[in-house]
Amino acid sequence: MDFYKYQAAGNDFVLVTSLESRADISADEVIRLCDRRYGIGADGLIIMESSADYDFSMRFFNNDGSSGMMCGNGGRCIVDLAWRSGLLASGTDGEWIFEAPDGIHTGRIVTSEGNKSIVCLGMNDITSVEEIRIPAEPGQETTAWKMNTGTDHLVIFRENVEELDVQSEGSRWRYAPEFAPNGTNVNFVKTGKPGEALHIRTYERGVEYETLSCGTGIIAAAAGAWLRGDHSGKYTLRSTHDTFSVSFRHQDGIFTDILLEGPTELVFQAVM
């Protein structure tokens, strides 16, 4: 079985193709393959499978073996793999249409050079946002937003994002009683002047540490910026090493036509 190692702005994945049959993989096997000392090493594992109605389907696992959620960066990587594998795209604009745990997505290659691509992914609507109050701390706004962008996210705006102990603060909110029993991903976002990039750092549930970027978290941060008062509808976001762009429309409390664009890289391919 071929497998592929991808990274998307430092968020890395093992991708496996299983188009002829449904791959039988356990949570323990996911944990072993994603282990950075005893396995391949990754934040998550993704399986590309056939679909009766669409171009392919995507199954995603965090590196702790949990599943059932969408991964924005992983979705962009699997679109790149579909392109490199020669899978035909059925969308009218050359987009791949695929199934994921949270529904149907579209994706297209914007540019590509060598093993690196810019991939644009169409995300599902954000239909519900909860505004919550959090304790006042130095440099931290007291209004935060909870939403599902394919998986659960909390968006907190802070001034000192660069110096923040994301492991400690993210874990505290991830396991906070108000988000039990499932917990939440936690995004700390710093805003600048209008038109400047938002700086985001994310603690991810299911990997239980700060990842170098998080696609669904980036969308949540952009939606949070809109709710905070920046109604441009187009945003640039900066993770640890790379930048993303997000656009959407907002009407009657619902975010629609959401697009996430950012980098991917095929790091290597091997057989296991």
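Predicted model: local features only at pLDDT ≥ 70, side-chain atom pairs only at ≥ 80, totals over all residues.
Residues are numbered from 1 along each chain as its sequence is written, and side-chain values use heavy atoms, with hydrogens and water left out. Local features need pLDDT of at least 70 and side-chain atom pairs count only at pLDDT 80 or more, whereas totals for chains, interfaces and linings use all residues.

View A. The structure holds zero disulfides, a disulfide being a pair of cysteine sulfur atoms within 2.5 Å. Cys-34 takes part in none, and its nearest cysteine sulfur, that of Cys-71, lies 11 Å away. For Cys-71, also in no disulfide, the nearest cysteine sulfur belongs to Cys-214, at 6.8 Å.

**View B. Accessibility of Cys-34 and Cys-71.** Cys-34 counts as buried because its relative accessibility is 3%; buried means under 20% relative accessible area, exposed over 50%, and partly exposed in between (1.4 Å probe, protein chains only). Cys-71 is buried as well, with a relative accessible area of 7%.

View C. Strands (E, at least two residues) are DSSP runs, numbered from the N terminus; two strands pair if DSSP finds at least two bridges between them. Strand β1 covers residues 2-8, and five of its seven residues are buried, so the strand is largely enclosed by the rest of the structure. Six bridges join β1 to the antiparallel strand β16 (residues 254-271), where Phe-268 stands opposite Lys-5.

**View D. The hairpin of β1 and β2.** Strand β2 (residues 11-18) runs antiparallel to β1 and is joined to it by six bridges. Gln-7 stands opposite Asp-12 in β2. Two residues lie between the strands of this hairpin, in which Ala-9 takes a positive phi near 55 degrees.

Technical notes. Helix = DSSP H or I, 4+ residues; strand = E, 2+ residues; numbered from the N terminus.
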